[in-house]
Amino acid sequence: MGETIIGEREVLLVRRQWEREVLPKLERDRGVYEAVRSLFQQVSEGRLAPKPDLKTDKRKSSFAEERRQRFEHWYHSIGFSVTVPKPNVSNREFARRLKLGQSLFYRPDSAGMTYEGFMAAVGQGNHWTVTNEADRAKIGWDSASAGYWFWAEVPEDCPRLRTSWNDLSQAVNLLSLEEYVIVWHAHKAETDKMLDRRFWTWLRTRFGQGALDAGECGGRVRVRRGGPESLAVSDGFVGGRAAEVVTVP
């Protein structure tokens with residue numbers, strides 16, 4: 001036998017409300033009449049879906065899975081057959097990082113996506129870091145044997161201005177050249193916003209005894225070479241973006 005959900009008292013209350021409030025409106029308002037008629041029809045045919053029980057409904061949107069799908073789709077859209085794993089990040093962590101101005105990015109392993117291949121895919125295959133063999137030999141490349149997720153700061157203007165590369169590299173883990181171009185182009189694809197249009201970002205990537213910095217120029221990434229003498233200089237137009245790799249469980 002089925003369980004009785006509505007008792008006699010509840011039925012009486014509904015009946016009185018119906019007679020006192022609904023029936024008079026049905027006689028005067030065609031819209032109310034049609035709405036009630038449609039409701040009756042749905043009830044009689046059993047087409048009204050029960051209201052979900054929020055206490056027992058375990059389904060919950062996963063920002064980690066949404067991020068995984070976004071990056072896998074993006075990499076496929078620019079020509080890379082990359083399988084992107086789900087990041088080990090909770091919804092709460094996403095919310096906390098968002099308030100800090102950080103977003104999550106995925107870098108595939110270098111065998112599956114070379115720096116040169118990526119730059120060509122985003123329309124920057126003629127960049128000097130791809131074509132200039134003499135300068136390329138001076139770059140301290142940061143290859144990845146395995147893909148990884150990492151957090152990066154994404155305010156439009158670079159943070160930590162007026163801080164030298166020497167001080168920045170002691171305080172935070174700066175983005176590498178390979179990470180920066182992913183962050184810049186992925187962020188633009190997602191938000192249609194270009195980072196570092198007014199200022200420059202120091203990179204942890206070395207260039208001989210110096211280091212590289214990067215910013216926007218003409219709607220693309222521009223990378224500059226910095227000599228050793230520039231590493232101790234605090235410039236009001238140059239800062240640094242921190243990067244943090246997501247730990248693997």
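Two strands count as paired if DSSP finds at least two bridges between them. Strands (E, at least two residues) and helices (H or I, at least four) are DSSP runs, numbered from the N terminus. This is a predicted model: local features need pLDDT of at least 70, side-chain atom pairs count only at pLDDT 80 or more, and totals for chains, interfaces and linings use all residues. Residues are numbered from 1 along each chain as its sequence is written, and side-chain values use heavy atoms, without hydrogens and water.

**The sheet**
- Strand 4 (residues 210-217) pairs with strand 5 in the antiparallel sense, over seven bridges.
- Ala214 has Val223 of strand 5 as its bridge partner.
- The open sheet has four strands, in the order 5-4-3-6, with mixed pairing.
- Strand 5 (220-226) and strand 6 (238-240) are at the edges with a single partner strand each, so one side of each has no neighbour in the sheet.
- In general, strands of a sheet pair through backbone hydrogen bonds, either parallel or antiparallel.

**Helix 4**
- Asn91, Phe94 and Arg97 are buried in helix 4 (residues 91-99); buried means under 20% relative accessible area, exposed over 50%, and partly exposed in between (1.4 Å probe, protein chains only).
- These three cover an arc of only 125 degrees around the axis, so they lie on the same side of helix 4; the arc is that of the directions from the helix axis to the C-beta atoms.
- Arg92 and Lys99 are exposed, on the face of helix 4 turned away from its buried side.
- Gly101 follows helix 4 and has a positive phi, near 75 degrees.
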